[in-house]
Structures are given as C-alpha cells and as structure tokens.
Amino acid sequence: MTAPLPGGVALSALQVYPWEAADGICGGSPHMHLCCTEAYIVTGGAGRLQTLTTSGFAEQSLGPGDVVWFTPGTIHRAVNDGGLEILVLMENSGLPESGDAVLTLPPDRLADRASYDRAIDLAGPDDRPSPDRARERRDLAVAGFTELAAGDGAALAAFHSAAVRLTQPFLDRWRERWAAGAGAAAARTADRIEALRGGDGSHLAHAQVHRQDRPPQEVLGMCGRLAPYKAS
C-alpha cells in the first residue's frame with residue numbers, strides 16, 4: 001500500500017486540453033468544487049485561469065513557476081495558450097477528481113442526477129473513455145459557463161443550488177474520505193505534539209522515506225489528460 005501524501009493531499013500531473021471551443025479558446029471544462037481547495041503549480045507552457053465567483057469574472061495568466069489556488073465555490077476554466085502543463089494539488093486525498101466537482105453544464109442538464117450523469121459520461125461506442133466524448137462534455141460546460149458569466153447573480157445562485165442538490169447522494173462517502181485522509185493526518189499531528197510535550201519522541205525511530213515516479217497512465221479528466229499520483 002502506498003503511504004499517504006503529506007497532510008491528506010493528492011497530486012495529478014495535468015496536460016490541459018488543446019482543443020478549441022466555440023468561443024475560439026483552447027482548454028478544459030469549467031467546473032466548481034464544493035468542499036475542497038485546489039492549487040495549480042504551472043510546470044510548463046503558457047495559459048490562463050478564468051474564474052467566476054459572486055465577485056464576478058476574472059482572468060489571470062499562467063506561466064512556469066506560477067502557483068494559484070482557489071477555494072470551494074470558484075468556477076474555474078484552464079485555458080491552454082500553448083503546451084500548458086500543471087501539477088494539481090488537491091485537498092482531501094484527491095476528492096476534487098473523485099466526486100467533488102460539478103461542471104457548468106446548461107441548466108437542463110443540471111435538472112437531476114440522471115440528466116447530469118448522461119451529459120458527463122465519457123463512454124464511447126466501445127464503452128471505453130472517448131476523447132470525442134470528453135470534448136463534447138467540455139463544449140457543454142463551456143456553453144454553460146458562457147451563460148453564467150454573461151448572466152446575473154440569480155443565474156450563479158441557481159447553479160450553486162443545482163450543484164448542492166446533485167452532490168447530496170455522495171456526502172457520506174466524502175466525509176469518510178476526509179476522515180481517513182486529512183482528518184487522520186491532523187489527528188496524528190495532534191498526537192505527536194502531545195507526545196513531545198511529555199518528552200516522548202518515540203515516533204522519531206520510525207522515520208521512513210517514500211517515493212513515487214510520475215504515473216505512466218493518463219486519464220481523460222475535466223481539464224485535460226491526467227496522470228494521478230496515488231494519494232494513499
């Protein structure tokens with residue numbers, strides 16, 4: 001079993017999609033996380049991060065060495081202006097790539113879980129993940145994002161409500177993931193502090209070094225092709 005990454009975080013290497021959308025911009029699927037903060041560490045290429053919150057639309061450039069992070073409720077779109085590669089740092093053992101995400105699909109696709117699941121399904125004719133389906137899903141999310149960015153606060157509030165409704169069936173599983181990851185890591189730190197306070201440093205005798213090479217397998221993610229590192 002792979003040792004947990006520090007603090008209950010997770011990492012994925014991301015190559016942002018180079019596909020052009022209807023608005024002439026290349027990049028990934030705009031989406032929002034409900035529980036987790038996520039960070040982008042830019043490792044190569046050039047691009048932009050478009051965001052939409054209750055404060056409005058914003059855009060910032062991305063280049064090698066840049067680090068940007070965003071809290072729950074930030075709708076974000078990774079824009080690829082040329083070879084954009086990112087190391088994604090996620091809270092809660094990678095929950096943002098394992099359920100804590102709702103794409104900005106048009107309202108009719110957010111009406112219920114069945115409609116949403118059909119729209120985001122990546123299975124092609126052979127039942128395997130299909131780049132064509134990933135692109136179609138991205139295009140739907142961009143269409144919804146464009147409507148939200150041009151709309152008023154009521155449209156964004158309606159999207160928030162839909163996202164909360166769509167994720168209700170998974171909250172128990174999310175809490176279990178948090179408890180086993182970030183929650184357990186925080187508890188271990190508290191135990192060590194109290195042990196040291198009492199002069200007990202016995203845990204120091206169990207020091208270990210761990211390593212992971214970059215994963216060879218790439219999956220079709222929301223923003224691009226992913227190489228997820230094992231979180232635990």
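Start by selecting strand E5, residues 67–70, which has a covered face, Val68 and Phe70, and an uncovered one, Val67 and Trp69. In a regular strand the side chains alternate between the two faces of the sheet. Strands (E, at least two residues) and helices (H or I, at least four) are DSSP runs, numbered from the N terminus.

A note on what is on screen: this is a predicted model, in which local features need pLDDT of at least 70 and side-chain atom pairs count only at pLDDT 80 or more, while totals for chains, interfaces and linings use all residues. Residues are numbered from 1 along each chain as its sequence is written, and side-chain values use heavy atoms, with hydrogens and water left out.

**Strand E3 and its partners**

E3 and E5 run antiparallel and are joined by four bridges; two strands pair if DSSP finds at least two bridges between them. To find the pairing, select Ile41, which stands opposite Val67 in E5.

Next select strand E6, residues 75–90. Gly47 stands opposite Asn80 in E6.

Now pick Thr53, which lies in E3. Is Thr53 buried or partly exposed? It counts as partly exposed, because its relative accessibility is 24%; buried means under 20% relative accessible area, exposed over 50%, and partly exposed in between (1.4 Å probe, protein chains only). Leaving out residues up to four places away in sequence, Thr53 touches Gly73, Thr74 and Leu156; contact means heavy atoms within 4.5 Å. Select Gly153 as well: Thr53 and Gly153 are 100 residues apart in sequence but 9.4 Å apart in space, C-alpha to C-alpha.

**Strand E1**

Go to strand E1, residues 10–16. Five of its seven residues are buried, so E1 is largely enclosed by the rest of the structure. Six bridges join E1 to E6, and the two run antiparallel. Two places to look are Ser12, opposite Val88 in E6, and Gln15, opposite Glu85 in E6.

E1 also pairs with strand E9, residues 224–228, through five bridges, again antiparallel. Ala13 has Ala227 as its bridge partner in E9.

**The nonpolar cores**

Select Ile75, Val102, Leu105, Leu110, Tyr116 and Phe159. Of the 21 residues in the largest nonpolar core, these touch the most other members. A nonpolar core is a set of buried Ala, Val, Leu, Ile, Met, Phe, Trp, Tyr and Cys residues joined through side-chain atoms within 4.5 Å. Strand E7 (102–103) and helices H1 (113–120), H2 (131–150) and H3 (153–167) each supply at least two residues of this core. Which element gives the largest share? H3 does, with five residues.

Centre the view on Ile75. Not counting residues up to four places away in sequence, its contacts include Pro30, Leu52, Phe145 and Phe159. A second, separate core has 17 residues, among them Leu14, Leu49, Val68 and Ile86.

**Helices H1 and H2**

Finally, show H1 and H2, which pack at an angle of about 125° with their axes 8 Å apart. Axes are lines fitted to C-alpha atoms, for helices over the stretch in contact, and angles run from 0 to 180 degrees between N-to-C directions. H1 and H2 are therefore oblique to each other: angles under 35 degrees count as roughly parallel, over 145 as roughly antiparallel, 65 to 115 as roughly perpendicular and the rest as oblique. Select Arg118, Ala119 and Ile120 of H1 with Arg133, Arg137 and Leu140 of H2 to see the contact.
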